[in-house]
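Please read the following account alongside the sequence and the coordinates.

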Amino acid sequence: MTLMDEARKGIITPTIRKVAENEHIDPDTVRKYVAEGLVTIPQNIKGKSRSMGIGKCMSVKINANVGTSRDFVDVDDEIEKAITAVKYGADTIMDLSTGGDLDSIRRRIMDAVDVPFGTVPLYQAASSKETVVDMSSDDMFDAVRKHAESGVDFVTIHAGVNQNALQRLRKGNRIMDVVSRGGSFTIAWMLHNNEENPFYAEFDYLIEIAKEYDLTLSLGDGMRPGCVHDASDNAKFMEFITLGELVKQAREAGVQTFVEGPGHVTADEVQLSVTSMKQLCHGAPLYLLGPLVTDIAPGYDHITGAIGGTIAGMCGADFLCMTTPAEHLALPTCEDIKEGAIVTKIAAHAADLTREGQRERARATDMEMAMARKSLDWEKQFDIAIDKEKPRKTRESRKTGSDACSMCGELCALKIVQKALEEDKQL
Ligand code: SF4
């Protein structure tokens, strides 16, 4: 039985109980949401036991992508990036490696971290061939099985990139066509072989594999927009209609899913994107790449992504894939990953402050910070801060004799008003 099957039978498993404890939510509510597919707890039966819930009433989670490319194969570096990402707040890690010995790289990164682990098996299927169009459909499914067998908790599958979506793409007026790596492999394969996407055509078979391992399917958005101009077009929405149908199919089989979403979207279109995706995909947990709210900030796309991520989280997105300052430019360094994780964590918390089920808990943390600021309790402030290192370093580097900070020193507004209020009370 999968976790979803058990939840449907009314069983509160230890995993569900642990998630409820972490999220401060009643265990039966979590069970009910898992049964309905509104909360996903990625956990392969072959993997480590990790209890992390994504979805309705859960805190917003963040993912960090690591992995080699064909040009840079330094596994130790990728392991360090994964450890760094978790240290600075990543709730999950995805290995997107395409260069080197992919089986060994996956295992080594997975062993190094203790959070749910995701991959894109299509990358391995494609990497084993000279060109992506040479893959057979067996290669694609074999890669999924191989990853499931190795203990991966969730896999991105671009099953929504089908002939329908492709037709919309052809008829549309996109500037950047397709920017999803998995989406591009799939489209190139479909066009070259003149066939339907095997992951769509044989989705039943995919479900069989997923069910065997209780593998979560992350239904990828191969049509995600690569610039704000391309944001809300027919190709994207066609894909979401398909993904909604696939969510239903997976749920019927007791297989957990979440749905991936765009991409580049202007701030005023984020709400439309999120609410329509939620509607079309029957409330499935939503995993967003960004959204980046402008195209003109290379070097700062962790910030454009965090702005979009906050708005998306407020509107119902559940899981944010972090962007780093290296986005669109290069393979990120460890320092890029650290910055990306912290900034995305800030976006997730900002969304939690407004989110059903998490609002009170998140606000209590901000209240603690406000109290620590009011009493100029610096240690407490550093302890509560999302980044616990930078604030201390900044204060230490410009410290004066005053118990206030060097911004206003003895003209500290907090001290002045506190003193004035106390004197007034004594009159
Ligand atoms: S000195 Fe100014 S900036 Fe610093 S804590 Fe006081 S009021 Fe805030």
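Glu23, Lys61 and Arg361 are joined in a network of salt bridges, a salt bridge being a side-chain nitrogen of Lys or Arg within 4 Å of a carboxyl oxygen of Asp or Glu. This is a predicted model, in which local features need pLDDT of at least 70, side-chain atom pairs count only at pLDDT 80 or more, and totals for chains, interfaces and linings use all residues. Residues are numbered from 1 along each chain as its sequence is written, and side-chain values use heavy atoms, with hydrogens and water left out.

Across the whole structure, a search finds 24 salt bridges. In one of them, the side chains of lysine 146 and aspartate 103 meet at 2.9 Å, N to O. This pair links distant parts of the chain, since lysine 146 belongs to helix 7 (residues 137-149) and aspartate 103 to helix 5 (residues 102-112), 43 residues apart; helices (H or I, at least four residues) and strands (E, at least two) are DSSP runs, numbered from the N terminus. Lysine 146 is partly exposed at 39% relative accessibility, and aspartate 103 is partly exposed at 28%. Here buried means under 20% relative accessible area, exposed over 50%, and partly exposed in between (1.4 Å probe, protein chains only).

Helix 7 also contributes arginine 145, which forms a salt bridge with glutamate 212, the closest N and O atoms being 3.2 Å apart. Glutamate 212 lies in helix 11 (residues 203-213), and the two partners are 67 residues apart. Arginine 145 has a relative accessible area of 27% and is partly exposed; glutamate 212, at 43%, is partly exposed.

Aspartate 233 lies in the loop between strand 7 (216-219) and helix 12 (234-252), and arginine 174 in the loop between helix 8 (163-171) and helix 9 (181-193), so the pair ties together parts that are 59 residues apart in sequence.

For disulfides, defined as pairs of cysteine sulfur atoms within 2.5 Å, the search of the whole structure finds 0. For cysteine 321, the nearest cysteine sulfur, that of cysteine 334, is 17 Å away. Cysteine 321 is buried, at 4% relative accessibility.

Cysteine 405, by contrast, is partly exposed at 31%. Cys405 is among the residues surrounding the ligand, which also include Leu376, Met407 and Gly409.

Key. Near = heavy atom within 4 Å.
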